Number of protein chains: 2
Amino acid sequence: MKMLRTDFKNMLRDSVGRHGLSPAELQRLGRRAERCLAELKEERAKGRCPFLNLPYQKETAGEIKRIDRELRSWVKDFVVLGIGGSALGNIALHQALNPPYIGGHESPRIHVIDTIDPDLFDGLLKSLDLRHTAFNVISKSGTTVETVAQFLIVRERLKDSLGSTYPRHIITTTDPEDGDLRRLAEREGYRRLFIPKGVGGRYSVLSPVGLLSAAVSGINIDELLAGAAGMDKRCQKEAMEENPAMLGACLQYLSYKRGRHITVIMPYSSALEAVGEWFCQLWAESLGKKSSLKGKVIHCGPTPVRAVGPTDQHSQLQLYMEGPFDKIITFVAVERFKAQVEIPQSPEANFQYLSGHTLAGLMAAERRGTELALAEAGRPSYTIYLPELSAFYVGGLLYMFQVQTALAGKLFGINPFDQPGVEAGKAHTSTLLGKDKGTL
Amino acid sequence: MKMLRTDFKNMLRDSVGRHGLSPAELQRLGRRAERCLAELKEERAKGRCPFLNLPYQKETAGEIKRIDRELRSWVKDFVVLGIGGSALGNIALHQALNPPYIGGHESPRIHVIDTIDPDLFDGLLKSLDLRHTAFNVISKSGTTVETVAQFLIVRERLKDSLGSTYPRHIITTTDPEDGDLRRLAEREGYRRLFIPKGVGGRYSVLSPVGLLSAAVSGINIDELLAGAAGMDKRCQKEAMEENPAMLGACLQYLSYKRGRHITVIMPYSSALEAVGEWFCQLWAESLGKKSSLKGKVIHCGPTPVRAVGPTDQHSQLQLYMEGPFDKIITFVAVERFKAQVEIPQSPEANFQYLSGHTLAGLMAAERRGTELALAEAGRPSYTIYLPELSAFYVGGLLYMFQVQTALAGKLFGINPFDQPGVEAGKAHTSTLLGKDKGTL
C-alpha cells in the first residue's frame with residue numbers, strides 16, 4: 001500500500017547552498033527530537049495529550065453514524081456554527097474529500113459558518129428551508145461569543161417557524177461536563193455530542209467536532225480514522241526517516257532557528273487549500289508564544305502562510321524567489337488525481353507543446369519546475385507526497401501535522417496546547433459590549 | 001458624502017510604545033514620499049503608468065455593458081479562465097459586491113477558475129450546461145500555459161456539443177497587439193476585449209480584465225470607476241493626511257525598515273476576504289525584488305498575509321499578540337453592513353449580555369477589542385474604514401491600494417511593475433513538458 005512520504009532534499013546544502021541545512025545538524029537535532037518523542041509517549045501513557053487517541057473512538061464513530069443516518073432522511077442543508085478550531089477542520093475535510101461542484105452529490109449541502117458577518121449570516125438564513133435544515137453548534141467551552149450569538153439567532157428563527165419540534169434541528173458539540181451551552185442543550189433536549197476532555201479546538205478535527213459534518217457530507221469516517229491510526233504507528237518511530245512528523249518538526253524548527261521565520265504551506269491541489277488554512281491555525285496558535293515552559297520571555301513563533309499551486313506562481317512566487325531569505329516552503333503534492341483531463345490536439349503550432357499532456361501532468365510539471373527554480377535560487381523547500389485524496393490519506397495527513405506540532409512545541413520549549421494571548425482582546429470586547437456592567 | 005479614511009494612531013509610539021513609529025520620522029518620510037508622488041505624476045503625464053487612467057475609460061465601459069446586455073439574455077453560467085492578475089481582481093469584486101448566497105440574485109453565476117486542478121476543472125465542466133455558458137479567456141500575453149490549457153479543453157468541448165456556433169460562447173481579453181491567443185480569437189471570430197498597453201496583470205482589475213465579469217455579475221461598473229476616479233483625486237494630494245495611498249505606503253515602508261517584514265491584511269468582513277487575497281498578490285509581486293533600480297542586490301520585500309476578522313481571532317491572533325515583533329496589521333472595517341441581524345433576548349442569564357446587540361455591532365466591538373489588545377501588547381496596527389460595501393467605495397479601495405503599491409515601489413527603490421523571478425520556474429516546466437524539444 002502506498003504511503004505519505006516526504007522528500008526534503010531541497011532543504012539541504014547540496015541542493016540550495018548556504019541557505020540549506022547540513023545533514024549533520026539535522027542528525028544532531030534528531031537526537032533531541034527522539035527525547036521529545038519519548039516525553040510525548042510518556043505523557044500519552046499518563047492520559048495527557050488525548051488528541052493522540054482520537055483515531056480509536058469506535059463508539060463515538062458509531063454514534064455519529066447513527067445520527068447521520070437519521071439526519072440524511074430529512075436534511076437538505078447542514079450548517080456548522082463554530083469558529084476557529086470548531087470550523088477549520090470541518091472545512092478542510094469537506095473541501096479535501098467532497099466533489100467541488102454539487103452535481104450528482106447525494107448528501108446534504110454543508111455550510112460551515114465561522115463568522116458573525118451580518119451580511120453573510122443574513123444571506124445564509126434567507127437561503128435556507130428551515131424544515132430541512134439541521135444546525136451543529138460547536139463550542140468546547142460553550143461560551144464562545146460568536147457561536148453563542150449565532151445560536152441565539154438560529155434558535156429563535158427555528159422556534160418561530162417550526163414551533164415545539166425545533167430541538168430536533170439542533171445538535172450541540174461541547175465539553176462533556178462544563179459550559180452554558182451544554183447545560184442548555186440538556187434542558188432543551190437537543191442531541192448532544194462531546195469533545196473528549198483535554199482535546200483543544202485545533203486538535204479536535206478527528207473528534208465529534210469534525211466527524212459529524214464529515215459523515216453527513218458523505219465522507220467515510222471509518223477510513224478517516226483508520227488513516228490516522230496508521231499514521232499514529234509511523235509517528236511513534238524513533239528514526240526520523242521513518243517518522244514524517246518528527247522529520248517535519250525538525251526541518252521547521254531548524255529553519256526557524258536559522259532566521260526563516262515564515263513557513264509557507266503550498267499544496268498543488270485546490271482541494272487541499274483549506275487543509276493549508278487549518279494548518280495555519282494549528283501552527284500559529286500552538287507555537288506563537290510569549291513565554292517558554294521555564295517562564296522565560298521569548299516571543300517565539302513562525303508565521304504560517306497559506307498558498308496554493310499553481311495559482312500562487314502568479315502571485316506569491318516572485319517574492320519567494322527574490323525577496324528576503326526569511327521563509328521555507330512546504331509543498332503538498334497529490335500523486336493521483338481522480339480526473340486526469342486530457343489537453344486536446346491543437347492546430348495552432350504554438351500550443352502544440354501541450355498536446356498529449358493532461359492537466360494532472362501539467363500540475364506535476366509546474367510543481368517540479370517551481371521546486372527546481374526555488375532550489376536554484378537558494379530557497380529551501382520540501383514536498384509531502386499524498387498518494388491520493390482519500391479519507392484514509394487525508395486522515396493520516398492531518399494526524400501527522402498534529403503530532404508534528406506537538407513535537408515542535410517541545411523543540412521550541414513552549415506549551416503548544418494553550419492560547420493565553422487571546423484573552424485580552426475578549427476582555428476588551430466584553431467591556432465594549434457592557435458584559436461586565438450587565439447593561440447595554 | 002462619506003469617504004474612506006485611515007486611523008493610524010495605533011502605529012505610533014504614544015499608543016504602542018517602542019515598537020511604534022515616531023511622528024517625526026513619519027513626517028520626514030512624508031517629504032520623500034512627496035517627491036515620489038511628483039515622479040509618479042511626471043511618469044503619468046508621459047503616458048507611463050497607464051493603470052492610473054483606468055477610471056476614465058468611458059468607451060470601454062460602454063462596450064462592456066453592450067456585451068453584458070447581450071450575454072444575460074442567454075447565459076446562466078459565466079466562467080472566467082485566467083490566473084493571477086487575470087483572476088484575483090475578478091474574485092475580489094464578485095465577493096465584495098454580490099450577495100454571498102444565490103437566492104434572489106438575477107444575474108448569471110460567476111466562476112473564476114484560476115487553477116488547472118484536474119478534479120476541480122472536471123467537476124466544473126460536468127456541472128455546466130454549455131448551451132447557456134460563456135467563457136471569458138483572459139491572458140495579457142496570450143501564452144499563459146494554464147489559461148491556454150483551459151482554453152484548449154473548453155474549445156473542444158464547445159465544438160463537440162455546439163458545432164459551428166461555438167465562437168459566440170468565448171470572449172477573449174488580451175493585449176491589443178501581441179499574443180497567440182489574440183490572433184486565434186481574431187481568426188475564429190470570438191468577441192474580443194483588450195487590456196490597455198502597459199497595464200500589468202496585478203494592476204488590471206479596473207480594465208476589461210475585471211470589468212466584464214463584474215458587469216455580468218450585476219455590479220454597476222460606472223459606480224466602480226467613479227469611486228476609483230474620486231480616489232484618484234485624493235491620491236494626487238501632497239499632504240499625507242489627505243492622501244490615503246501615500247499614508248499607507250509610508251506606514252508600510254517605515255515598518256519594514258524597522259524589521260516588521262510581515263504585513264497582515266485583516267478585513268472584518270467576509271466579503272472582503274478576497275480583496276485581501278488580491279492585495280497579497282499586488283504587494284508581494286510588486287515589492288518582492290532581488291535588485292534595486294540602481295542594480296544593487298537587495299532581496300527586499302514584505303510578506304503579505306491575508307487574515308479575516310473575527311475568524312482569525314481564533315486562529316492567528318495568538319501569534320500576533322505573543323510572537324515575534326515582526327509584523328504590522330492593516331484592519332479594514334466596514335462602517336455600515338447591509339444587514340444588522342439582531343441578537344434576540346435570551347432567557348439564559350449568562351447570554352443576556354448579548355441582548356439588544358446586533359451581529360454588526362458585535363463585529364465592531366470585536367474589532368475594536370482586538371485593536372486595543374494588540375496596541376497594549378506593543379503591536380502596531382492601523383484601520384481603513386470603508387463607509388459601506390458599494391461599487392463606489394470598493395472601486396476606490398482597490399485604486400488606493402494600487403497607488404500605495406506604486407509609491408511604496410519608489411520608496412523601496414525597486415520596479416513595482418515587473419516580475420523577473422517567475423521566469424525560471426516556467427522554463428523548468430517547459431523543459432519538463434518537452435516544449436523546447438517540440439516533442440512529448
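Predicted model: local features only at pLDDT ≥ 70, side-chain atom pairs only at ≥ 80, totals over all residues.
In strand S4 of chain B, the bridge partner of Asp77(B) is Thr133(B). That pair belongs to a set of five bridges that join strand S2, residues 77-81 of chain B, to strand S4, residues 133-138 of chain B. The two strands run parallel.

Two helices deserve mention here.

Two packed helices are described by the angle between their axes and the distance between the axes. For helix H3, residues 58-71 of chain B, and helix H8, residues 208-216 of chain B, the axes come within 9 Å and cross at roughly 40°. H3(B) is therefore oblique to H8(B). Their crossing is right-handed. On the H3(B) side the contact includes Ile64(B), Ile67(B) and Leu71(B), and on the H8(B) side it includes Leu211(B), Leu212(B) and Val216(B). By class, the residues of this contact are nine nonpolar, one polar and two charged.

I turn now to the other sheet of chain B that I wish to present. This open sheet of five strands has the order S1-S12-S11-S7-S10 in chain B, with mixed pairing. Its edge strands are S1, residues 5-7, and S10, residues 303-306, of chain B. Here too a twist is given, averaging 20° from one strand to the next. Strand S7, residues 262-268 of chain B, is joined to S10(B) by four bridges, and these strands run parallel. Within S10(B), Arg306(B) is the bridge partner of Ile265(B).

Helix H10, residues 244-257 of chain B, lies across S1, S7, S11 and S12 of chain B, at about 30° to S1(B). Helix H13(B) packs on the sheet as well, touching S7, S11 and S12 of chain B.

H13(B) leads us to the partner chain. How many residues of chain B are in contact with chain A? There are 105, and they meet 104 residues of chain A. H13(B) supplies the largest share of the chain B side, namely twelve residues. That side as a whole has 48 nonpolar, 36 polar and 21 charged residues.

One helix pair spans the two chains. Helix H15, residues 423-433 of chain A, and helix H13, residues 359-376 of chain B, pack at an angle of about 135°, with their axes 7 Å apart. H15(A) and H13(B) are therefore oblique to each other. Among the residues making the contact are His428(A) and Leu432(A) of H15(A), together with Arg368(B) and Leu372(B) of H13(B). The contact divides into six nonpolar, five polar and four charged residues.

Finally, a word on confidence. The predictor gives the complex an ipTM of 0.97 and a pTM of 0.97. For chain A, the mean pLDDT is 96.

How values were computed
Residues numbered from 1 in each chain as written. Chains lettered and ligands numbered in written order. Axes fitted to C-alpha atoms, helices over the stretch in contact; angles between N-to-C directions. Parallel < 35°, antiparallel > 145°, perpendicular 65-115°, else oblique. Contact = placed C-beta atoms within 7 Å. Nonpolar A, V, L, I, M, F, W, Y, C, P; charged D, E, K, R; others polar. Pairing = 2+ DSSP bridges. pLDDT = per-residue confidence, 0-100. Left-handed = near helix turned anticlockwise from the far one by under 90°.
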